[in-house]
Amino acid sequence: MTSPIQTLAEQLPKAELHMHLEGSLEPELMFALARRNNVTLPYQDEAELRQAYQFANLQEFLDLYYAGMSVLLTEQDFYDLTWAYLEHCKRDNVTHTEVFFDPQAHVERNIPFEVQFNGIYRALCDGQNKLGISFRLILSFLRHLSEESAFETLELALPYLERIDGVGLDSSEKGHPPEKFERIFRRCRELGLRVTAHAGEEGPPEYVWQAIDGLQIDRIDHGNRALEDADLTAMIAERGLTLTVCPLSNYRLCVVDDMKKHPLLRMLDKGLHVTVNSDDPAYFGGYVNDNFRAIIDNLPITAEQVYRLARNSFEGSWLDDDAKRNALGEVDAVWQRFQSQTAGT
Ligand SMILES: Nc1ncnc2[nH]cnc12
Ligand SMILES: [Zn+2]
């Protein structure tokens with residue numbers, strides 16, 4: 001049974017601000033690409049692969065995530081991956097998406113930057129034209145690799161920077177503090193790129209401070225552990241920095257041990273600009289609407305808070321002002337319709 005509040009969540013237009021394209025590689029597509037490219041996977045079939053998706057922490061997930069990418073070889077593979085994700089956006093009423101890709105993970109496998117970029121970008125343009133989904137593209141640096149590798153990657157990306165909106169920082173957080181990437185982030189900001197970083201997913205509040213003060217990020221990916229530091233939490237709220245929170249990811253990576261203990265409502269209560277995102281939907285049990293369902297089923301969230309989360313997603317996006325205003329108008333219209341429908345009940 002779908003509750004009225006879940007229906008509201010489904011009907012609201014939403015932006016997704018934290019989604020790794022490689023993390024949207026569903027087992028069915030992984031096997032199809034493996035067959036197309038003559039890649040042997042160490043699993044019998046999709047069911048056996050899904051069985052392996054049990055993670056005690058971020059690193060256990062990342063090991064499978066990087067292994068899964070071995071099937072992505074051609075421009076068409078990157079196109080198909082991106083297009084499949086956009087079809088999920090359409091179903092979920094995600095009308096704007098800001099997606100990460102991990103070029104270093106493919107360049108390491110001898111897949112040229114150009115091949116990755118062209119496939120992804122062509123699909124995103126088709127998504128805009130055929131499905132009406134606007135987008136931003138974020139190049140994410142892998143923090144377990146060196147600063148030098150990040151600079152080499154930026155060099156490869158230079159011819160494409162007109163079509164890349166921002167940079168991010170992902171992969172193994174513990175032991176790889178944001179300060180390691182201050183110079184590359186400064187260079188990216190000088191080039192006019194937006195900047196975001198994963199911080200406080202597994203790493204301590206200190207890493208969130210570093211990401212804000214050192215990397216001067218425009219928003220924070222995850223940020224859960226910021227709550228352990230009251231001064232930090234207050235500063236994030238005061239600055240109005242957006243947090244891209246990923247409930248199902250947090251549960252599946254044991255950042256929270258019970259969805260009923262997820263801090264999303266506490267974050268909202270502290271005035272944080274929280275958004276709901278899927279992170280790696282193929283690995284964590286679902287897309288944006290599945291994440292809304294998880295919080296609606298497990299937390300005492302109100303309809304107004306669901307509306308607030310949808311608003312936050314556009315407010316925290318990198319859309320230009322006009323597009324943002326239009327999107328927010330559409331969110332408000334759905335909310336007003338919901339209120340008038342429920343007023344008499
Ligand atoms: N949740 C996550 N944290 C860090 N790096 C990632 N890369 C893909 N998903 C990630
Ligand atoms: Zn992520």
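**Exercise 1. Determine which residues surround ligand 1, and how they divide by class.**

Step 1. A residue counts as near the ligand if its C-beta atom, placed from the backbone, lies within 6 Å of it. The shell around ligand 1 consists of His20, Gly23, Leu58, Tyr65, Asp170, Ser171, His198, Glu201, Ser249, Asp279 and Asp280.

Step 2. This is a predicted model, in which local features need pLDDT of at least 70 and side-chain atom pairs count only at pLDDT 80 or more, while totals for chains, interfaces and linings use all residues. Residues are numbered from 1 along each chain as its sequence is written, and chains are lettered from A and ligands numbered from 1 in the order in which they are written.

Step 3. Ala, Val, Leu, Ile, Met, Phe, Trp, Tyr, Cys and Pro count as nonpolar, Asp, Glu, Lys and Arg as charged, and the others, Gly among them, as polar. The shell accordingly holds two nonpolar, five polar and four charged residues.

**Exercise 2. Describe the setting of Asp280.**

Step 1. Helices (H or I, at least four residues) and strands (E, at least two) are DSSP runs, numbered from the N terminus. Asp280 belongs to the loop joining strand 8 (273–276) and helix 14 (281–284).

Step 2. A residue is buried if 20 or more other C-beta atoms lie within 10 Å of its own, exposed if 12 or fewer, and partly exposed in between, with C-beta atoms placed from the backbone. Asp280 is buried because 26 other C-beta atoms lie within 10 Å.

Step 3. Contact requires C-beta atoms, placed from the backbone, within 7 Å. Residues up to four places away in sequence aside, Asp280 touches His20, Gly23, Tyr65 and Ser249.

Step 4. An unreviewed UniProt entry places the feature "binding site" at Asp280; such annotations, given in the numbering used here with shortened feature names, may be inferred rather than shown by experiment.

**Exercise 3. Identify the buried residues of helix 10 and their cover.**

Step 1. Within helix 10 (residues 205–213), the buried residues include Tyr207, Val208, Gln210, Ala211 and Ile212.

Step 2. Their cover includes strand 5 (194–199), strand 6 (219–222) and helix 11 (230–239).

Methods: Contact = placed C-beta atoms within 7 Å.
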